Amino acid sequence: MREAGQRPFPIEWVRRRFPAVRIAENRDPSFAFMDNAGGAQAPDSALDQMRRYFCERHVYHAGPYDQARMTEEAFAAIRRRMAHFMGASSPDEIVFGLNATTLLSLFSASLGQILEAGDEIITTCLEHEANVTPWLRLKSVGAATRFWKPRGPDGVLDIEDLRQLLSDRTRVVAVTGASNILGTVTDIARVAEVVHDHGAVLVVDGVHYAPHRRINIRRDSIDAFVCSGYKLFGAHIGFLACSRDLLDRLPSLNHYFLGDKAKLELGVQNFEGMAATEGVLQYLSDLAGESGIAADDLYDQLFEAIAAYERTLSEQLISGLNEVEGVHVYGITDPKGFDMRTPTAAITVEGHRPEEIARRLGERGLGVNHGHMYAPRVIEWLGLADSGGVVRVSLCHYNTPAEIERLLAVIAENITGVSVTSHVGAS
Ligand SMILES: Cc1ncc(COP(=O)(O)O)c(C=O)c1O
């Protein structure tokens, strides 16, 4: 519920800021982007900044001339801004890279050099494979990986189970901030306490978390947090925030003549992607202004507003899906637990393969996805590996109640064959 004095979420203003949303709507008013966990649309300011980059300074950055200096300065500025966005202590805690998979792979390869035979790593059954394979690979140095499993079908990880898995040989706990299949959010601050009590390092895959919740690595005591630009309304680029203390201990994977500089930032970076990121942060700050949020703790309040709006989407989506006969919803379905879920829903429909459902929704302008979405262990854990996985509907803050209503009607009338009542504003 909205607090007195707070402005309603400016959804119309938001949608006007996303050219792809406007273009798709003009072309086909029934179309909806509902595969945002696969890749979100970009605001106009991201496009503008990228264009500006190509027009003004698309050169090698370390040169003794104006354009090169502009690129170097822009590079330093975006590192500062990302440090603020991710709650890092300083800009040199930010590492840029190709994407989250590559960054996690480089990070674990480097960390693996300071592990020893007999050391243990814990990851979870909720992970995208990007946060599993790199750790399993450390078997080559004798490190064993153990899996933390959720207890019930809602996919909530119980901290007591983590305590049971931790030992005096645990060196790393690698956990997702939010499941890209179930939308379940991990209580990272609590996990951090337990992990640090055992002297282990906490690595968070924040790819699905970052578009929905505030990241604050210092406040939440996260040692390393990885996320992706294209899930965060920007370009194909990856970000890793790593505490100075841990970064200092990591061996460099870079050229010998660079010493300890850019340990994990290999080669010339994606400057156009950074320019787009600048535009995304500009958009977020504009959204804060439009929502009446003061500048001093902009990201905290802004993500509270985004999460509150998205919660209303989750309520409408999950309660609506629950009412359609034959539809099964995985993840948290009790509204009391909705603070710990994103508006991402994994469903199956009795008698239909997920691939068929996704195709039929796609034919009616509803862009959803299906399968395991590179998180096959979640699907195995749900027992759906042999039946084609799930249909995933993943929403974000530019989606609307009207789009959800349309989705529910199409599922009910065209797929399960029953009609539904309106769920706009359902709670
Ligand atoms: C939770 C999660 N982690 C990691 C990844 C991999 O991200 P990237 O494509 O940037 O490597 C994804 C991509 O879907 C994801 O959803």
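1. Burial first. In this predicted model, 55% of the 427 residues count as buried. The accessible surface comes to about 18,200 Å², and carbon and sulfur atoms hold 49% of that area.

2. On the overall fold, I get 14 helices and 13 strands. The radius of gyration is 22 Å, close to the 22 Å from the globule rule for 427 residues, so the protein is as compact as a globular protein of that length.

3. Strand S7, residues 224–228, is worth a look on your screen. Five of its five residues are buried. In a regular strand, side chains alternate between the two faces of the sheet. Here both faces are covered: Ala-224, Val-226 and Ser-228 sit on one side, Phe-225 and Cys-227 on the other, and all are buried.

4. So who pairs with S7? Strand S6 (residues 201–205) runs parallel to S7, joined by three bridges; Val-203 has Ala-224 of S7 as its bridge partner. Strand S8 (residues 238–242) pairs with S7 in the antiparallel sense, over five bridges.

Technical notes. Residues numbered from 1 in each chain as written. Predicted model: local features only at pLDDT ≥ 70, side-chain atom pairs only at ≥ 80, totals over all residues. Heavy atoms only, no water. Helix = DSSP H or I, 4+ residues; strand = E, 2+ residues; numbered from the N terminus. Rg over C-alpha atoms; globule rule 2.2 N^0.38 Å. Buried < 20%, exposed > 50% of the residue type's maximum accessible area, 1.4 Å probe, protein only. Areas by Shrake-Rupley, 256 points an atom, 1.4 Å probe, with all protein chains shown as cover. Pairing = 2+ DSSP bridges.
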